[in-house]
Amino acid sequence: MSAHEAEPAIASPGVRGDTSPELLAAVRARLIAMGVPPTPAQVAGALRAEGGPLGDDELLAAAKRLGADLTGAGPLQPLLELPGVTDVLVNGPYEVWIDGGRGLARVDITLGGEPAVRGLAQRLAAAAGRRLDDACPYVDARLPDGTRLHAVLPPVAPEGTCLSLRLPRRRAFGLDELVAAGGASPLGARILRGLVAARTAFLVTGGTGTGKTTWLAALLSLADPAERLVLVEDSAELRPDHAHTVRLQTRPANVEGAGGVPMQELVRQALRMRPDRLVVGEVRGAEVVDLLAALNTGHEGGCGTLHANAAADVPARLEALGCAAGLSREAVHSQLAAALSVVVHLVRERPGGRRRVAEICVLRRATTGLVTAVPAITFTPDGEDRTGPGAAALRPLLGERTEAIT
């Protein structure tokens, strides 16, 4: 038994009532035949027409369930509406997990068997304009409300259809809120404010689920209101509290394989939109070439996120992406040395799930020509701030806020 399996399942907040599946199926068929949305009024009329002797509470529950089945995520919809939930994961027809900010927890919920889960996955894929069937047994898409959908069908997923739903941020968190939640020490907060004020180019890095997008949005909210932020994202997740924000979002190819707009093209378009700060929500491919070039040609204050297990791995990750896009190793490090200055690395503690700033590093080019990440400040889990060899190089990057590091 795994560590997750050992955790007790939590009760599902789903709609549970005595409404029979047969009655719900009949109401659903009637609404579809009428071509009307499953509003409470329409559901009530359909229920009466089908002879369902329901009271007010049952009527409300039926309307909610039908709405979820027809236009939402079915039995998963109540989970998506829970405050604080960021991920809903389905591992086959009998296992559902959610992440509410404290790590994964199993949910006691009934999905109705493999055919029902497969049908739900296919309906969600269709809502995103994507295909999901035996010929194309997996999909990575974005739903109309911004939720990220990934689904895999059997036999690729031998235990049954797997679904992964990641919800968009409901609101932006301020830096003060993140500090109050233990995400950074007062010293760390002062340094981060200084980096934004000085328009220093930086990357927010960390593993999956460490809060990179949340932290980047909080830092962008500190930017001067007179600045124009142009955000380029694969999925519109960054929601900074800033007066002048322009968002560009990639578009996947259609079922014929045409019409896709990749991240690299959006970075190029963003450069023509007079950005004061160019922001790449997640650097993961060939767009790294255009981003590094832009930050080398007068576009100060650029930033983004990058998946990395440690701050020391960041140069190697960027090197791999740049070389895959056609740059030589020397060219990548030459561009990197002049383009980016700081890495803000995040971790997620286990147990507990607290997301926090673990390290701030400066990027320094060695005599070999290769760029390395040199620790400037390390923040321990118990709240201790430790100055590293990169502290002296960090001070000039804070501009007039050099006192932040003392």
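## Strands E9 and E10

In this predicted model, strand E9, which covers residues 229-233, runs alongside strand E10 in the parallel sense, and five bridges link the two. In general, the strands of a sheet pair through backbone hydrogen bonds, and the pairing may be either parallel or antiparallel.

## The sheet around them

Strands E9 and E10 belong to an open sheet of nine strands, whose order is E10-E9-E11-E12-E8-E13-E14-E15-E16 and whose pairing is mixed. Which strands stand at the edges of the sheet? They are E10 (245-249) and E16 (385-387), and because each has a single partner strand, one side of each is left without a neighbour in the sheet. From one strand to the next, the twist averages 25°.

Thr250 is found in the loop between E10 and H9. Is Thr250 buried or exposed? Its relative accessible area is 8%, and because buried means under 20%, Thr250 counts as buried.

The side chain of Thr250 makes a polar contact with the side chain of Asp234, at 2.8 Å. When residues up to four places away in sequence are not counted, Thr250 touches Arg142, Glu233, Asp234, Val261, Pro262, Met263 and Leu266.

## Salt bridges

The structure holds 17 salt bridges. One of them joins Arg268 to Asp290, with the closest N and O atoms 3.2 Å apart. Arg268 lies in helix H9 (residues 263-270) and Asp290 in helix H10 (residues 287-295), so this pair ties together parts that are 22 residues apart in sequence. The two partners can also be described by their relative accessibility: Arg268, at 33%, counts as partly exposed, whereas Asp290, at 14%, counts as buried.

Another salt bridge links Arg284 with Glu282, and here the closest N and O atoms are 2.8 Å apart. Arg284 counts as partly exposed at 39% relative accessibility, while Glu282, with a relative accessible area of 16%, is buried. In the salt bridge between Glu349 and Arg356, the closest N and O atoms are 2.6 Å apart, and both of these residues are buried. There is also a network, in which salt bridges that share partners join Arg199, Glu227, Arg277 and Glu300.

## A covered helix

How many residues of helix H8 are buried? Helix H8, which spans residues 212-220, is mostly covered, and nine of its nine residues are buried. As a general point, an α-helix has 3.6 residues a turn, so residues three or four places apart point the same way.

## The chain as a whole

The protein chain contains 13 helices and 16 strands. Of its 406 residues, 46% count as buried, and the chain exposes about 18,900 Å², of which carbon and sulfur atoms supply 53%. Among the contacts in the chain with a separation of 6 or more, 55% are accounted for by residues 24 or more positions apart.

Definitions and conventions. Residues numbered from 1 in each chain as written. Predicted model: local features only at pLDDT ≥ 70, side-chain atom pairs only at ≥ 80, totals over all residues. Heavy atoms only, no water. Pairing = 2+ DSSP bridges. Helix = DSSP H or I, 4+ residues; strand = E, 2+ residues; numbered from the N terminus. Axes fitted to C-alpha atoms, helices over the stretch in contact; angles between N-to-C directions. Buried < 20%, exposed > 50% of the residue type's maximum accessible area, 1.4 Å probe, protein only. Contact = heavy atoms within 4.5 Å. Areas by Shrake-Rupley, 256 points an atom, 1.4 Å probe, with all protein chains shown as cover. Salt bridge = Lys/Arg side-chain N within 4 Å of Asp/Glu carboxyl O. Polar contact = N/O pair within 3.5 Å; in protein donor to acceptor, adjacent residues only side chain to side chain.
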